[in-house]
Amino acid sequence: MATAAATSTPAASLRGNRDFRLLWMSGLFAVLGAQMSALALPLLVLRETGSAVQAGAVGTVSVAALLVTMLPGGVMADRVERRRLMRLCDLGGLAAVLALLVAVLNGHVPIALVLLVAGAGAVINSVYQPAAAGLMRTVVPPEAMGLATSRLQARSSTARLVGPLVGGALFGLHPALPFAAEAAGLLLSTLCVALVRTRSRPAVRAGSVFSRRELTAGIAFIWRIPYLRTVLLVFGLGMNFAFSAMTFTTLTVFSDGGRDGLGSGFVVACTSAGALAGALAAPRFTPERHSRFLITATCWSCASMAGALAVVRVPVLAGLLAAVCMFLATVASIGFLSTLLVVTPEDRVGRVQSAAGFLSSLVQPFGPLAGGALLTALGPPGAYTVLGAVLAASAAVTTLAPAARHVPSTPRSESAPER
């Protein structure tokens, strides 16, 4: 099932796994470039138009394109040889970035081109991510999946922390530099994927590629397993929404209505640091074995944070609580994703991964809107109290629901990977 020979420990297994190292490096180059352009694109629109509304449209287009194409992307990842699909995604992203780079160098950047590049990046990501998950499912043995997932999460957290800083600095030197750096990263990513020896070719099935049955196959699989269904609805859907609302509320409160960036910046830094620390520390917790406990602890810690901030609003306390919550949430997510990869049959990994991402992301963009509405209507104490009640309800479900107690450990059906 994996390219490396069986060894005594998961760490030793990954150290000798050449293809996993190449996949890790490929993702690092791709994610780092994407984070640089994620900051540079709205800055470019602001520079060209001076309109904050048009700059904000970049993020709206990206989120909308991602949600619309996420389920079809999972179908593609389960229909096409995944290594080849990842290379095509990198090349497609490279073509879009080069077109934008040429426009920037020429001194004229149509807003339509910026929005097209932002949307294309989201569409490509919706195909690339499930394909990468399917290939990793073939490359990494089940006993090393938790460690592999934590290393991938640490890679992504580092890129999200460093990418915007580097992108902003490069943009300050010249607006074309972040996009040139992203193009170089995509070239390196393509090279790394090309050197991967493992093939992950899903079984060929009859019928329409984008039929309703194919598009909903991942959701149907998740729905049939009580643990996956409960965790995704409560932890993925409900918690993501409530925590997103609480994060926005916290940033608004500690920015003093937008007049002071120090307090809110401290909270953001602590949140990022907590996510990175959780990804680095996850292997010590063997999260795939304790995912239910970690998920429950995350829910209760977030509810406690809301309760504490309803009474005491000090930036240092908010930052520390946010760091703890993100630490636990990251470790818990790694455990859940590891379980999801292991229990999903190889020929359905793409659709199941896309379905999980779709369910987790579906209402998250509305969190800041809800947080702003609660803050306006009830003020900080009332907003935190309502959000704390929602988070406490989620925590109670994960603690008491029988479906959340039985964590699956083996695939529902076996499908031998094609090499």
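**Leu391 and its setting**

Modeller: Apart from neighbours within four places in sequence, Leu391 is in contact (heavy atoms within 4.5 Å) with Met239, Ala242, Phe243, Met246, Cys299, Cys302, Ala303 and Ala306. The model is a predicted one, in which local features require a pLDDT of at least 70 and side-chain atom pairs count only at pLDDT 80 or more, while totals for chains, interfaces and linings use all residues. Residues are numbered from 1 along each chain as its sequence is written, and side-chain values rest on heavy atoms, with hydrogens and water left out.

Leu391 belongs to helix H15 (residues 367-400); helices (H or I, at least four residues) and strands (E, at least two) are DSSP runs numbered from the N terminus. With a relative accessible area of 0%, Leu391 is buried; that term means under 20%, whereas exposed means over 50% and partly exposed in between, with a 1.4 Å probe and protein chains only. Ser301 stands 90 residues from Leu391 in sequence, yet their C-alpha atoms are 9.1 Å apart in space.

The wider chain gives this position its context. It has 15 helices and zero strands, and 49% of its 419 residues count as buried. Of the contacts between residues at least 6 apart in sequence, 87% join residues at least 24 apart.

Tyr227 and Phe336 have ring centres 6.2 Å apart and planes at 45°, so the pair is tilted. Tyr227 lies in H10 and Phe336 in helix H13 (residues 315-343), 109 residues away. Both Tyr227 and Phe336 are buried.

Another region is the packing of helix H6 (residues 145-173) against helix H7 (residues 177-195), at an angle of about 130° with the axes 7 Å apart. H6 is therefore oblique to H7. Axes are lines fitted to C-alpha atoms, for helices over the stretch in contact, and angles run from 0 to 180 degrees between N-to-C directions; under 35 degrees is roughly parallel, over 145 roughly antiparallel, 65 to 115 roughly perpendicular and the rest oblique. Here Gly167, Leu170, Phe171 and Leu173 of H6 meet Leu177, Pro178 and Ala181 of H7.

In the loop between these two helices lies Pro175, which counts as buried at 10% relative accessibility. Leaving out residues up to four places away in sequence, Pro175 touches Leu44, Arg47 and Val104. Its C-alpha atom is 9.9 Å from that of Gly107, 68 residues away along the chain.

Val31 is buried at 15% relative accessible area and, beyond residues up to four places away, touches Ser156 and Ala159.

Key: Phe/Tyr/Trp six-rings, centres within 6.5 Å; stacked < 30°, edge-to-face > 60°.
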